[in-house]
Amino acid sequence: MPAEHIRILYVDDEVNNLAAFRATFRRDYDVFTAPHFDEAYQILEQEQPIHLVIADQRMPGMTGVEFLTDIRKKYPDPLRVLLTAHMDMEALIEAVNEGRIYRYIRKPWNEAELHNTIHNAYEIYTTRMELREKMQMLEKTNDELSRFIYSVSHDLRSPLMSVLGILNLAKMDQSVIDPNGYLQMIESSVLRLDDFIQKIIEYYKNSRLEIEYEPINFRQQIEDTIESFRHLHLNVEFKIDVDQPVPFIGDNFRINVVLNNLISNAIKYQKPDEQNPWVAIRVKVNPSQAVIEVSDNGIGIVQEHLQNIFKMFFRTKSLNKPGAGIGLYIAKEAVSRMGGTIDVRSVYGEGTTFVVCIPNHPEHAR
Ligand code: ADP
């Protein structure tokens, strides 16, 4: 915007000052003047955009700082400059430090200094506006992208489920002969793809959904999770120990995400030759938090990988197990949305323990 379009509001009860200001700056900028605050509020209401508001400190009824502080609520964009002949230094420092005014100028003003201030202020104004516009564009793109991913993921699931249904029919059909196990291979590929799609949906929901508080029955949740993985853990022993003497109020969806990912990994990363594979899930609830421990006697994780396993797409080549490397990332995100923590300890070749702490919110009990 060229300089003549810089729009300035100057408020001062000394009309001579207003006239001098208009005479000096009228040619360079669009100048609005007001001898009292009522008129200044009216101009702000009617003449947007105003890029810069200059106010005299000593005015009847309200000080310049008070006025500039007040307009910030409704008009946060214009930069605010205080004009003052004498000033309580303490009040001035506080006003500048709290961001209520951009700069202060001594009366009588120096024309060159004021020009300079106006130009600098205007530069800040335009930079802020550009930044805001870019932020809005970024938010919009981000929003569209994640909605696109969600809707694609969602839509992909129904044809996948149809494929699984047809596979089941084929397996039951005596006339379909499959000596090489192709149907089984197709089925496991479809299940892997479905698992990946479900993780993307979990990721989307975790980043989008508000926290919802409801009573959590940990034993029930854990049993349901184990049941849903029944096809994976033919010979794994589960040791469940839930100590929940008080109600736990938390986010059911996110707790499920965490349990799902930790328990499925504990099953998945068992040693192939282990005679007695087990997964232990311990929960201890108290009025302030729940501590969930998921341990296994599986392959373990080498120390150098421990700091990476929560990163997006990080995975080891362990046993060539299927996976997308996002389960622990999503679990960590979900825990952090709930205001909790997740830690891991592991001994390579012996097993792994994840410890999750989630705050209890009894104050949200209905
Ligand atoms: P994925 O299982 O899809 O590879 P995750 O994000 O769930 O992705 O896990 C990241 C990596 O952490 C895995 O590739 C695996 O190497 C390691 N890991 C996670 N849980 C365990 C566990 N219980 N035992 C051994 N390794 C594990």
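**View 1. Strand 12 and its two antiparallel partners.** Strand 10 (residues 289-296) and strand 12 run antiparallel and are joined by 8 bridges; strands are DSSP runs of E with at least two residues, helices are runs of H or I with at least four residues, and both are numbered from the N terminus. In this pairing Ile292 stands opposite Val356. Strand 11 (residues 341-347) also runs antiparallel to strand 12, with 7 bridges, and here Arg345 is placed opposite Thr353. Strand 11 and strand 12 make a hairpin with 3 residues between them, and Gly349 in the turn has a positive phi of about 90°. Of the 9 residues of strand 12 (residues 351-359), 8 are buried, so the strand is largely enclosed by the rest of the structure. Buried means under 20% relative accessible area, exposed over 50%, and partly exposed in between, with a 1.4 Å probe and protein chains only. This is a predicted model, in which local features need pLDDT of at least 70 and side-chain atom pairs count only at pLDDT 80 or more, while totals for chains, interfaces and linings use all residues. Residues are numbered from 1 along each chain as its sequence is written, and side-chain values use heavy atoms, with hydrogens and water left out.

View 2. Strand 7 and strand 9 run parallel and are joined by 7 bridges, with Lys239 opposite Ala280 in strand 9. Axes are lines fitted to C-alpha atoms, for helices over the stretch in contact, and angles run from 0 to 180 degrees between N-to-C directions.

**View 3. Helix 8 between two helix contacts.** The axes of helix 6 (residues 182-208) and helix 8 (residues 252-268) come within 11 Å and cross at roughly 145°. Residues on the helix 6 side are Lys199, Glu202, Lys205 and Asn206, which meet Phe253, Arg254, Val257, Asn260 and Asn261 in helix 8; contact means heavy atoms within 4.5 Å. This contact divides into 2 nonpolar, 3 polar and 4 charged residues. With helix 10 (residues 327-337), the axis of helix 8 comes within 9 Å and crosses at roughly 150°. The contact of helix 8 with helix 10 has 8 nonpolar, 3 polar and 2 charged residues. Ala, Val, Leu, Ile, Met, Phe, Trp, Tyr, Cys and Pro count as nonpolar, Asp, Glu, Lys and Arg as charged, and the others, Gly among them, as polar.

**View 4. Asp56 in strand 3.** Asp56 lies in strand 3 (residues 52-56). Asp56 is buried, with a relative accessible area of 4%. Not counting residues up to four places away in sequence, Asp56 touches Val11, Asp12, Asp13, Gly64, Leu83 and Lys107. An unreviewed UniProt entry annotates Asp56 as "modified residue: 4-aspartylphosphate"; UniProt positions are given in the numbering used here, feature names are shortened, and annotations may be inferred rather than shown by experiment.

Note on methods: Pairing = 2+ DSSP bridges.
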